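Open the model in your viewer and keep the sequence panel beside it. The tour goes from selection to selection.

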Amino acid sequence: MPIYHKLGNIPPKRHTQFRKDEGGLHYEQLFGTIGFDGMSSLMYHVHRPTMIREVLSETDVSPNISVAKSIKPRLLKGFDLPAEDDFLASRKVILANSDIHIGLAAPRQSLRSYFYKNADADELIFVHQGTGTLRTQLGNIPFEYGDYLVIPRGMIYQIDFDGDNNRLLFAESFHPIYTPKRYRNWFGQLLEHSPFCERDYKLPQDLETHDEKGDFVIKIKKQGVLYELLYPTHPFDVVGWDGYNFPYGFSIHNFEPITGRIHQPPPVHQTFETKAFVVCSFCPRLYDYHPEGIPAPYNHSNIDSDELLYYVDGDFMSRNNIEKGHLTLHPGGIPHGPAPGAYERSIGKTSTEELAVMIDTFRPLALTDEALKLDDGKYYQSWIE
Ligand SMILES: [Fe+2]
């Protein structure tokens, strides 16, 4: 996150003595990525963050790939994924490559009995159903329908859900997740033509500082293995921090669509970027206003990317028989486009209420066993007249 933020108490000078009221020093920790080159924050703990008491277990949680290579377009019925109580157990990876794991989750319960840290990947969680609070070492972020939560790798967190009917789309990115570079100036500030600005971000707030001793389990994901580590002090013991590396939220409803006289290409919807994929937000907007314009997208060949569209809400103009929570996967190598009739149907329409999230990966995606359970099996023939 290329803006500076701070919470709690920090010493006036970094790497200097910062004493507790009752005596003794706070324990400083640099939290950064890309070695010492990426964005970082400095946090100050009550206790040493290094006190491993025990490594309790290790479990391989790497996704089960069922279809490693495929050219078939597919429709996956995301809401058919069964709900599960536990947050981590409920998360099912459906598509994967060496850059990204994409999954769905329907957790019934808050993550409260342990802490979680993804040491491999930045996490992007899109909240389709549910409200609650993302609780992290660096502060809390309340979330609701339509929020993207961006959690940098290494951040220890828990999640509170207000109810038990929650639906999430998530991506684990093995490259840092940024906002698109073309929308930032050379200092990182979002420019005037950006479809969102710093004011739209939900920054961490209400820093929780727990000076507690006991048994605290942190489940840490590293190289596809989930390790359970036991610590003797509460992981949320930060009294203050500052810097640039922290979780944040952004509501898809705050994305201001870019429209034009004729059809605008998908990059105008771009919201996040990495080295290996982009994320776009398709939001309610006015259609093209050229008198001869065709609002539906043209057929296009995504030769070198796989295109995944997750349908959130509204009537999706370019497709037939699409429901909330459906995903369509258009693999690279072959063209795809509007469903039969959609091209013609769109003429004369002035606006759309569609809401969708698109993830385009530059390397092909493999399908997991969980994806095949949701596959309708016939979507690839849906363009036949
Ligand atoms: Fe497309």
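Select Lys373. With a relative accessibility of 59%, Lys373 counts as exposed (exposed is over 50% relative accessible area, buried under 20%, partly exposed in between, with a 1.4 Å probe and protein chains only). A salt bridge here is a side-chain nitrogen of Lys or Arg within 4 Å of a carboxyl oxygen of Asp or Glu. Both residues sit in helix 3 (residues 369–374), 3 residues apart, so about one helical turn separates them. Helices (H or I, at least four residues) and strands (E, at least two) are DSSP runs, numbered from the N terminus.

A note on the model before the next stop. It is predicted: local features need pLDDT of at least 70, side-chain atom pairs count only at pLDDT 80 or more, and totals for chains, interfaces and linings use all residues. Residues are numbered from 1 along each chain as its sequence is written, and side-chain values use heavy atoms, with hydrogens and water left out.

How many salt bridges does a search of the whole structure find? The search finds 18. Select Arg153 and Asp122. Their closest N and O atoms are 2.7 Å apart, in a salt bridge. Arg153 lies in the loop between strand 13 (147–151) and strand 14 (156–161), and Asp122 in strand 10 (residues 122–129), so the pair ties together parts that are 31 residues apart in sequence. Arg153 is buried, at 16% relative accessible area. Asp122 also counts as buried, at 6%.

Move to Glu208 and Arg135. This salt bridge has its closest N and O atoms 2.7 Å apart. Glu208 and Arg135 are both buried.

Now show Arg91, Glu123, Glu172 and Lys221 together. A network of salt bridges links these four.

Strand 11 (residues 132–136) pairs with strand 12 in the antiparallel sense, over 5 bridges. Two strands pair if DSSP finds at least two bridges between them. Asn140 in strand 12 is the bridge partner of Arg135.

**Strand 22**

Select residues 277–282. Is strand 22 enclosed or left open by the rest of the structure? It is largely enclosed, because 6 of its 6 residues are buried. Phe277, Val279 and Ser281 point one way, and Val278, Cys280 and Phe282 point the other way. In a regular strand, side chains alternate between the two faces of the sheet.

A hairpin of 3 residues joins strand 21 to strand 22, and the two pair in the antiparallel sense over 3 bridges. Glu273 stands opposite Val278, and Gln270 has Cys280 as its bridge partner.

Strand 29 pairs with strand 22 in the antiparallel sense over 6 bridges. Val279 stands opposite Ile359 here.

**Between the domains**

Colour by domain: the assignment gives domain 1 (5–63 + 81–251) and domain 2 (252–377). These bounds come from an automatic or database domain assignment. The C-alpha centres of the two domains lie 29 Å apart. In contact are 39 residues of domain 1 and 41 residues of domain 2, where contact means heavy atoms within 4.5 Å. Across this interface the rule finds 2 salt bridges. Finish on Arg363 and Asp99, a salt bridge with its closest N and O atoms 2.9 Å apart.
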